[in-house]
Amino acid sequence: MLFAMNALHYQLYIERLDPGRNMSRFYALSIEETLFGQTCLIRRWGRIGTRGRTVQHSFDNDHEAVGLFLELLRAKRLRGYGPRRPLDTQKRPRPGGTRPLRVINPG
């Protein structure tokens, strides 16, 4: 018996940040194949910096998994989730307050 490995492998990681509401969430989706040939959609979500929760959905064919993947992606985009911003563009507070430190030369 020959196994036909699934060529599909989708991965997605998106975030929703709202400092005013102390919101820092992530949502991850991936489509993988199990050892038994089933297509599996894995969802992970939670607060950034935690393990979060995980739910796994099994499908008999790829089309159903991709359909749910796209449906969940659309729903999350409507709720304000988007790609992770590069570290240099994220606004971070400066140490010691909002003003830069000023060095005073004694003498």
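**Exercise 1.** In which sense do E2 and strand E3 pair, and over how many bridges?

*Solution.* The model is predicted: local features need pLDDT of at least 70, side-chain atom pairs count only at pLDDT 80 or more, and totals for chains, interfaces and linings use all residues. Residues are numbered from 1 along each chain as its sequence is written, and side-chain values use heavy atoms, with hydrogens and water left out.

Step 1. Helices (H or I, at least four residues) and strands (E, at least two) are DSSP runs numbered from the N terminus. The protein chain contains 1 helix and 4 strands, in the order β-β-β-β-α from the N terminus on.

Step 2. Two strands pair if DSSP finds at least two bridges between them. E2 and E3 (residues 39-47) are antiparallel and share 9 bridges. Within E3, Arg44 is the bridge partner of Ala28.

Step 3. The hairpin of E2 and E3 has 5 residues between the strands, and Gly37 takes a positive phi near 90° there.

**Exercise 2.** Identify the residues of the largest nonpolar core and the elements that supply them.

*Solution.* Step 1. A nonpolar core is a set of buried Ala, Val, Leu, Ile, Met, Phe, Trp, Tyr and Cys residues joined through side-chain atoms within 4.5 Å. Buried means under 20% relative accessible area, exposed over 50%, and partly exposed in between (1.4 Å probe, protein chains only).

Step 1. The largest such core has 11 residues: Ile14, Tyr27, Leu29, Ile31, Leu41, Phe59, Ala65, Val66, Phe69, Leu72 and Tyr81. Strand E2 (23-33) and helix H1 (62-78) are the elements that each give two or more residues to this core. H1 supplies the largest share, 4 residues.

Step 2. Contact means heavy atoms within 4.5 Å. Neighbours within four places in sequence aside, Ala65 is in contact with Ile31, Thr39, Leu41 and Phe59.

**Exercise 3.** Is Thr39 buried or exposed, and which side chain does its own side chain meet in a polar contact?

*Solution.* Step 1. Thr39 lies in strand E3. Thr39 counts as buried because its relative accessibility is 3%.

Step 1. A polar contact is a pair of N or O atoms within 3.5 Å; within protein, one must be able to donate a hydrogen and the other to accept it, and residues adjacent in sequence count only if both atoms are side-chain atoms. The side chain of Thr39 makes such a contact with the side chain of Asp62, at 2.7 Å.
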